[in-house]
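Visitor: Could you walk me through this structure, one question at a time?
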Amino acid sequence: MKTSLMLSTLALLSPVCSLAEEKPVPLLEAPGRDLVQSHCITCHSLDYPRTNSPFMDRKAWEAEVNKMISAYGAPITAEDAKVIVEYLAVNYGVGG
Ligand code: HEC
């Protein structure tokens, strides 16, 4: 009984471990992906938006992108930011 529980836990964990491999982070194909890819990779890995996705809703993404712009000086226009927030909220957000 205990063993089978451990095995299923391992099976659940293994896909998470493979995420740690060093390779380019593929983002989901959707409108706005090119903007996210070109803007957000200039300072850090595209893994950042992805790792944060389990607890980010639209408001949180909006705040996050604004923080990248105002606190860290990301050169993203208001227009691009809208598209980026939309993309992140739909593809990497909770609750749409
Ligand atoms: C001008 C540089 C710059 C750009 C461009 C940039 N970021 Fe960041 N980002 C940072 C820095 C600096 C940090 C915090 C330090 C760290 O952890 O590396 C950070 C951290 C983050 C984090 C982790 C949570 C946090 O607030 O620390 C997320 C998520 C994130 N960025 C998302 C994005 C997204 C999405 C974009 C594209 C819209 C983006 N970043 C573009 C500089 C940037």
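Visitor: Why is asparagine 52 classed as partly exposed?
Guide: Burial is judged by counting other C-beta atoms, placed from the backbone, within 10 Å of a residue's own: 20 or more is buried, 12 or fewer is exposed, and in between is partly exposed. Asparagine 52 has 15 such atoms within 10 Å, so the class is partly exposed.

Visitor: What kind of model is this?
Guide: Residues are numbered from 1 along each chain as its sequence is written. Local features need pLDDT of at least 70, side-chain atom pairs count only at pLDDT 80 or more, and totals for chains, interfaces and linings use all residues, for the model is predicted.

Visitor: Which helix holds asparagine 52?
Guide: Helices (H or I, at least four residues) and strands (E, at least two) are DSSP runs, numbered from the N terminus. The protein has 5 helices and 0 strands. From the N terminus the order is α-α-α-α-α. Asparagine 52 sits in α3.

Visitor: What distance separates the C-alpha atoms of asparagine 52 and tyrosine 92?
Guide: Along the chain, these two are 40 residues apart.

Visitor: What share of the contacts joins residues 24 or more positions apart?
Guide: Two residues are in contact if their C-beta atoms, placed from the backbone, lie within 7 Å. Take the contacts with a separation of 6 or more. Residues 24 or more positions apart account for 66%.

Visitor: Why do the buried residues of α4 lie on the same side?
Guide: The buried residues of α4 are Trp61, Val65 and Met68. The arc is taken from the directions from the helix axis to the C-beta atoms. They share a side of α4 because their arc is only 55°.

Visitor: Which element do those buried residues of α4 pack against?
Guide: On the other side of α4, Lys59, Ala63, Lys67 and Ser70 are exposed. Valine 85 is in contact with Arg58, Trp61, Glu62 and Val65, leaving aside neighbours within four places in sequence. The buried residues of α4 pack against α5.

Visitor: Which elements do the buried residues of α2 pack against?
Guide: Val36, His39 and Cys40 are the buried residues of α2. They lie on the same side of α2, because they cover an arc of only 85° around the axis. The face turned away carries exposed Asp34 and Ser38. The packing partners of the buried residues are α3 and α5.

Visitor: Which element gives the largest share of the shell around the ligand?
Guide: A residue is near a molecule if its C-beta atom, placed from the backbone, lies within 6 Å of it. By that rule, 19 residues surround the ligand, and Cys40, Cys43, Tyr48, Tyr72 and Ala74 are the closest. Two or more residues come from each of α2, α3, α4 and α5. The largest share, 4 residues, is from α4.
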